[in-house]
Amino acid sequence: MFILHARKLCKMTLLLLILTSILTLLSCQSHSVRVNDRIIARWTNNLYYPGKVSATGNGLIHVLFDDGDRITHTVRDISAVIPDQQPSQVKLGQHVVATWKGGHKYYIGYVSQRVFGFWRFKVTFDDNDEDYYQAHQQRKFPDPRTAHEVGARVFARWTNGLYYRGFVARASSSTVFIRYDDGDTITLYKKDRTAVILDKLPCYSDIKPGQRVIGFWPGRTRYYPGVVTYKKPTGRAACYQKAVYYVVFDDGDRRMQDFNQIRVIP
């Protein structure tokens with residue numbers, strides 16, 4: 001009896017060691033930063049600023065910003081700390097951060113156009129501003145596996161039924177705590193799959209008429225729920241195409257949308 005009990009304990013200990021190793025490896029892969037590395041880190045206003053890693057340990061990353069401010073992030077937050085490294089390549093539809101007009105704040109956006117022959121890319125930011133950048137002026141923004149992962153960039157449904165951008169700040173087995181870009185917060189249930197939508201661009205081949213989506217409206221940063229009633233045939237296999245999705249919103253408005261102007265409702 002004692003021998004069998006000891007064997008069970010050994011197996012449990014081995015499983016715990018394996019699990020711990022896997023989690024440690026995933027943390028290292030998500031945050032391959034070391035002390036004194038140059039980084040871009042998220043501040044409390046959901047914007048990003050340049051600085052360096054001042055210390056690491058116990059699942060934490062301590063950041064010293066160039067202006068002297070400090071902040072501490074958990075390694076579980078996949079988008080809190082971004083290595084200040086030029087991407088090896090920039091693609092249409094890529095999630096990036098870049099400064100605005102040479103300032104020191106980094107804003108989140110998507111590469112919405114490539115200017116062939118000039119090696120420049122148009123970035124459409126989350127506040128709808130747009131500008132052109134070379135590859136070395138952009139940094140790749142980390143994309144999560146799910147909408148419930150800590151640090152995931154998401155659209156979350158507010159009490160008015162509309163969707164606003166923010167980050168998953170905390171997550172439990174049943175809920176996610178959202179911190180919106182305007183500072184508001186909300187707790188939503190994971191079982192409601194339509195409550196939190198990953199800020200991920202859909203591919204042309206994945207959208208069919210009848211698909212429920214949230215969509216952009218000019219001059220607004222919030223997104224509105226609706227349905228794709230028509231997908232324009234283009235004869236092209238490109239994943240990201242402009243002016244191809246005709247969306248009828250739940251409030252009766254309708255608009256032809258570009259690839260970066262809708263998100264799929266699960």
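Here is a walk through the strands of this structure, ending at its disulfide. Keep in mind along the way that the model is predicted.

Strand 15 is joined to strand 11 (residues 153–157) by three bridges, and the two run antiparallel. Here you can find Phe 155 opposite Ile 197 of strand 15. On to strand 12 (residues 163–171), which pairs with strand 11 in the antiparallel sense over five bridges. Across this pairing, Ala 156 stands opposite Tyr 164 of strand 12. The chain passes between these two strands through a hairpin with five residues between the strands, where Gly 161 takes a positive phi near 85 degrees.

Next comes strand 13 (residues 175–180), which is paired with strand 12 over five bridges, again in the antiparallel sense. Gly 166 faces its opposite number here, Tyr 180 in strand 13. These two strands also form a hairpin, this one with three residues between them.

Within the pair, Val 248 has Arg 254 of strand 19 as its bridge partner. Their hairpin has four residues between the strands, and in it Gly 252 takes a positive phi near 100 degrees.

That leaves the covalent link. How many disulfides does the structure hold? There is one, and it joins Cys 203 to Cys 239, with an S to S distance of 2.1 Å. Cys 203 sits in the loop between strand 15 and strand 16 (212–215), while Cys 239 sits in the loop between strand 17 (224–231) and strand 18, so the pair ties together parts that are 36 residues apart in sequence. Are its two ends buried or exposed? Cys 203 has a relative accessible area of 17%, and because buried means under 20%, Cys 203 counts as buried. Cys 239, at 24% relative accessibility, is partly exposed.

Conventions. Residues numbered from 1 in each chain as written. Predicted model: local features only at pLDDT ≥ 70, side-chain atom pairs only at ≥ 80, totals over all residues. Heavy atoms only, no water. Pairing = 2+ DSSP bridges. Disulfide = S-S within 2.5 Å. Buried < 20%, exposed > 50% of the residue type's maximum accessible area, 1.4 Å probe, protein only.
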